Amino acid sequence: VALFRRMVRQPNAKFLKSYEVLFFRFKSEAHFCALTPLLRSLAVALVTVIPVTIVQIFSLVVILLASLTNTAFFLPWRLWFANMLDVILTATMLLICCSTAFFVVSKPGELELLAWLCCALI
């Protein structure tokens, strides 16, 4: 991603052919967003390692909110429809995650941990 601009300016067909899977879906001016879906998927997969359910939901909401903000601000996909679809699906996942918090049975110490996390982020 860091070498993209320099390698595109040079006639380097080998670089473009090797890394086209990262860049062909995104606009050239938003090439830095190529790693966003990969990092989002990795972060969502790593959330399951957290043992406290409330913190899992809170972490998932933070990850999805960051992804939604990134997509809505930069509109990185080549197609307008793909940008809107990504925004709508991420917002839907956020709504589902926020609504699942109402059904979690928590232990007494877990809510204090979530309160400290919220205070730390604010």
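A residue is called buried when its relative accessible area is under 20%, exposed when it is over 50%, and partly exposed in between (1.4 Å probe, protein chains only). The model is predicted, so local features need pLDDT of at least 70 and side-chain atom pairs count only at pLDDT 80 or more, while totals for chains, interfaces and linings use all residues. Residues are numbered from 1 along each chain as its sequence is written, and side-chain values use heavy atoms, with hydrogens and water left out.

The protein chain holds 7 helices and 0 strands, both taken as DSSP runs numbered from the N terminus (helices H or I, at least four residues; strands E, at least two). Of its 122 residues, 27% are buried. Among contacts (heavy atoms within 4.5 Å) with a separation of 6 or more, 61% link residues 24 or more positions apart.

One such feature of interest is the salt bridge, defined as a side-chain nitrogen of Lys or Arg within 4 Å of a carboxyl oxygen of Asp or Glu. The count comes to 1: Arg 40 pairs with Asp 86, with the closest N and O atoms 3.5 Å apart. Because Arg 40 lies in helix α4 (residues 36–47) and Asp 86 in helix α6 (residues 80–100), the pair ties together parts 46 residues apart in sequence. Asp 86 is buried, at a relative accessible area of 12%.
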